[in-house]
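Trainee: Could we go through this model together? I'd like to hear what stands behind the terms.

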Amino acid sequence: MATKITSNSSGKRPVKKQSQGFMARLRVFLFKIILWFIGLSLFSVVFFKFVPVPFTPLMVIRAIENKVAGKPVYFSHDWEPLENISVNLQKAVIASEDGLFLTHNGFDFRAMQKAYKNNERGRRIKGGSTISQQTAKNVFLWQGRSYIRKGLEAYFTVLIELIWGKERIMEVYLNSIEMGNGVYGAQAAAEHWYRKDAANLTRKQAAGIAAILPNPRKYTATSSSSYINRRKDKIMRVMRTVGKIEY
């Protein structure tokens, strides 16, 4: 009995098999991308545990914005070890930005829930991000409110909490955060606003810097508005409750 042999006259594989092959290659490609991302992110976090952060994405973005707008590209950033930064400033940013910094694991879920509810009502308040989250965003990510960026922020927050610890997080935070127009870090801010070193900031001066952090390009730490002066007074009151800082 003869066997009937059929063939695909076009010489092409069936569409279903082509689709399966494409999806398999896509899965392999995405898997490799994820592995590379995890490897590079872990390397970066470990690297910056020991090495000062020379610049952040925000510093580059601000420089580009000023250049495009035809404004002077002013940039001041001087890295200082945490022991060279006044404990007053450390207490001031805890009092103003993250009261539970020393005890939480990177996230303040109560503050996040409160921020979410108030934003739903149309109130303008800070987003509920902790110092750890702000540090992760400043050092490794871009500005924005997309779900992708927030997810990456959470990922890097977990990494720096596990690998850096609180003391290093505070050190990087105080050396990288924007504290004026083109002014980044505690030392540059102390020189810019008070003509002194960060180690010598008084309680009131530290509160002045912390008070402008929500919008350091709009507000000023000296010759401040009544709104900022009220924030300074509130921060100084809260600073008394922070107590001794032990990392």
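Mentor: Let's start with helix α6, residues 147–163: its 17 residues reach 24 Å from the first C-alpha to the last, close to the 24 Å expected at 1.5 Å a residue. Keep in mind that this is a predicted model, where local features need pLDDT of at least 70 and side-chain atom pairs count only at pLDDT 80 or more, while totals for chains, interfaces and linings use all residues. Residues are numbered from 1 along each chain as its sequence is written, and side-chain values use heavy atoms, with hydrogens and water left out.

Trainee: What makes 24 Å the expected span for α6?

Mentor: The expected span is 1.5 Å times one less than the number of residues. With 17 residues, α6 comes out close to that value. Helices themselves are DSSP runs of H or I with at least four residues, strands are runs of E with at least two, and both are numbered from the N terminus. The protein has 10 helices and three strands.

Trainee: Which residues of α6 are buried?

Mentor: Among them are Arg 149, Glu 153, Phe 156 and Ile 160. Buried means under 20% relative accessible area, exposed means over 50%, and partly exposed is in between (1.4 Å probe, protein chains only). In the whole protein, 41% of the 247 residues are buried.

Trainee: Why is Ile 61 called partly exposed?

Mentor: Ile 61 has 30% relative accessibility, so it falls in the in-between class. Ile 61 lies in helix α2, and its C-alpha is 9.2 Å from that of Gln 143, 82 residues apart along the chain.

Trainee: And how do you know that Val 68 is exposed?

Mentor: Its relative accessible area is 73%, and the cut-off is over 50%, so Val 68 counts as exposed. Val 68 is also in helix α2, residues 57–68. Together with Phe 55, Val 60, Ile 64 and Phe 75, Val 68 makes a nonpolar surface patch of about 510 Å². Patch residues have over 30% relative accessible area and no salt bridge; nonpolar side chains (Val, Leu, Ile, Met, Phe, Trp, Tyr) are joined within 5 Å, like charges within 9 Å. A salt bridge is a side-chain nitrogen of Lys or Arg within 4 Å of a carboxyl oxygen of Asp or Glu.

Trainee: What makes up the patch of positive charge?

Mentor: Lys 114, Arg 203, Lys 234, Arg 237 and Arg 240 gather there. Helix α10 gives the most, with three residues. Arg 240 is in α10, and its 61% is over 50%, so Arg 240 is exposed.

Note on methods
Accessible areas come from the Shrake-Rupley method with a 1.4 Å probe; for residues, only the protein chains shown count as cover. Lys and Arg count as positive and Asp and Glu as negative; His and the chain ends are not counted. The place of a charge is taken as NZ of Lys, CZ of Arg, CG of Asp or CD of Glu.
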